[in-house]
Amino acid sequence: MAAAQPVDADWWRGAVIYQIYPRSFQDTNGDGVGDLKGITQRLDYVAELGVDAIWISPFFKSPMKDFGYDVSDYCAVDGLFGTIEDFDRLIAEAHARGIKVMIDQVLSHTSDQHAWFKESRSSKDNDKANWYVWADAKPDGTVPNNWLSIFGGSAWEWDTTRCQYYQHNFLTSQPDINFHCMAAQDALLDTVEFWLKRGVDGFRLDTVNFYVHSQGLEDNPPSLPEDRNSPEAPAVNPYNWQDHIHDKSQPENLEFLKRLRSLLNRYPGQTTVGEIGDGPRSLKTMAAYTSGGDKLHMCYTFDFLSPIFTKEHFVARIKAFEAIVGDGWPCWAFSNHDIVRHVSRWTTDGDYDAVAKLASAILLSLRGSVCLYQGEELGLTEAVLTFEDLQDPYGIRFWPEYKGRDGCRTPMVWESNGTYGGFSTAKPWLPVPQEHIARAANREESDHASVLAQYRRLIAFRHAHPALIRGSIAFVDTPDDVLGFVRAEGDESIICLFNLGSGPVSVPLPAGAVVTPLDGHGFTASLDAATGIVSLGGRDVFYGRIA
């Protein structure tokens, strides 16, 4: 027998991770909702894309009030998505193709249908009475403090059995776990180990800075007006009007993250990526959570999930990260299941393909790991849905000023001539936009100039150059609208130039630099070796090796 290959414990550094939202990926049983068998069916497509891993959004047992982010059993697969045997086969088939599998862990809260919460709310002295965040009313019966829910209204809900309030950062049916209770922490870690034993390669940790609240239950102060509109919550949501210094991101969270890391260290090669939503403090929180090698492996923030698409924004945020985070490691994303798709956020002239290709080059050239969201490799735009089509309780609550998250969650389009884009034989849970049909995978597969073809080229290009995977980053002076930096690792240094503008521009290379253009990435910028001038077309990209 061949000797077992050594585990690369750092495989996640610079990895490209493909996020799958299972409800909308592929339906195999004709109920209009995607399932685990559908993911397995499409693994060849994922493998051809060239990614290192997949991250699967929640598929656990759930009443689906928040579509799986309200877990009622952490160790069971919801029948809507299949069985635990379906998941085991998915793991095996992914590993056979060299694809790692990460799953979404929603540890900050459960469903109110979880057995833990049912016991906790039954009395003030049961074994799990302290597993959730309970607080007495003020003398006048009002809520314990001014904390708000991201999904609207107070973060406190009255329970008639205990005659107390419980905290919920999201829906009222999503009570928050009390991380000051070690027994609750132990139980959560047991559920994490359940999936480690089944062979998962890592976890995306939902709302990782929401785990711990201040036991003093102090009121949050008001936020600065300039901080009241961020990708974490829309401007119409009063959640942004508070500076959330007491209801999340507490220092005790670091101790739980160390316990989590100790568990993962017993399973070499497994990784974590945490979602940080902490307003203007997000980078500092990321630094605290990823530094020292004893907490999370990597985190991502909402810095590039905003409507801002400028050279200045990229430079400012990356420089801030590099200055703050030290030995921590980032995971960058431009789109995910909670945010308007980036081609819609960033395209102002209707040329979605050009923006999609340019954005993919920037993302796949940054220092850090990368998360791609299903459909972005096809250049899918944000779907425009009617109020009657909405499923997302967040969008229903704040309609019409905020339309919710359904527009980025519509089904994947596989076949342009298939029923519902090849996603399902039945009416899907969300509509398949007609404009997406033209971008179906089967059409883009055969088009060398498609967004899909460009993603495949760029992922392969990234894998071919170690400097782009784990190298350092240093910015270079460039004209307006041109983002420029050098990635370097070992004896390889690559200069990367990105024209964010729609018109042509000439960029002089740094004085004295001897640069050889690189190919294989699909862009057409050229270098005049005699003058050291790079000519970039609109939304064009140049890569060159520095001697």
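This is a predicted model: local features need pLDDT of at least 70, side-chain atom pairs count only at pLDDT 80 or more; totals for chains, interfaces and linings use all residues.

User: In what order do the strands of the open sheet of three lie, and which are the edge strands?

Analyst: Strands of a sheet pair through backbone hydrogen bonds, in either a parallel or an antiparallel manner. Here the order is β6-β8-β7, and the pairing is antiparallel. The edges are formed by β6 (134-135) and β7 (156-159), each of which pairs on one side only. Between β7 and β8 (residues 164-167) there are four bridges; Glu-157, for one, has Tyr-166 in β8 as its bridge partner.

User: How do the axes of α5 and α6 cross?

Analyst: A pair of packed helices is described by the angle and the distance between their axes. For α5 (residues 182-197) and α6 (residues 253-264), the axes come within 11 Å and cross at roughly 30 degrees. Because angles under 35 degrees count as roughly parallel, α5 is roughly parallel to α6. The crossing of α5 and α6 is right-handed. Residues of α5 including Leu-189, Val-192 and Leu-196 meet a set in α6 that includes Phe-256, Leu-260 and Leu-263.

User: Which residues touch the most other members of the largest nonpolar core?

Analyst: Nonpolar side chains tend to be buried together in soluble globular proteins. The largest core here has 127 residues, and those touching the most other members are Tyr-18, Ile-54, Phe-59, Trp-195, Ile-362, Phe-498 and Tyr-543. Another core, of 14 residues, lies apart from it and includes Trp-11, Ala-15, Trp-55 and Val-273.

User: What does Phe-498 touch?

Analyst: Leaving aside residues up to four places away in sequence, the contacts of Phe-498 include Leu-358, Ile-362, Leu-483, Phe-485 and Tyr-543, as well as Ser-365, Asp-481 and Asp-540.

Methods: Residues are numbered from 1 along each chain as its sequence is written. Side-chain values use heavy atoms; hydrogens and water are left out. Two strands pair if DSSP finds at least two bridges between them. Helices (H or I, at least four residues) and strands (E, at least two) are DSSP runs, numbered from the N terminus. A nonpolar core is a set of buried Ala, Val, Leu, Ile, Met, Phe, Trp, Tyr and Cys residues joined through side-chain atoms within 4.5 Å. Buried means under 20% relative accessible area, exposed over 50%, partly exposed in between (1.4 Å probe, protein chains only). Contact means heavy atoms within 4.5 Å. Axes are lines fitted to C-alpha atoms, for helices over the stretch in contact, and angles run from 0 to 180 degrees between N-to-C directions. Angles under 35 degrees count as roughly parallel, over 145 as roughly antiparallel, 65 to 115 as roughly perpendicular and the rest as oblique. A crossing is left-handed if the near helix is turned anticlockwise from the far one by less than a right angle, and right-handed if clockwise.
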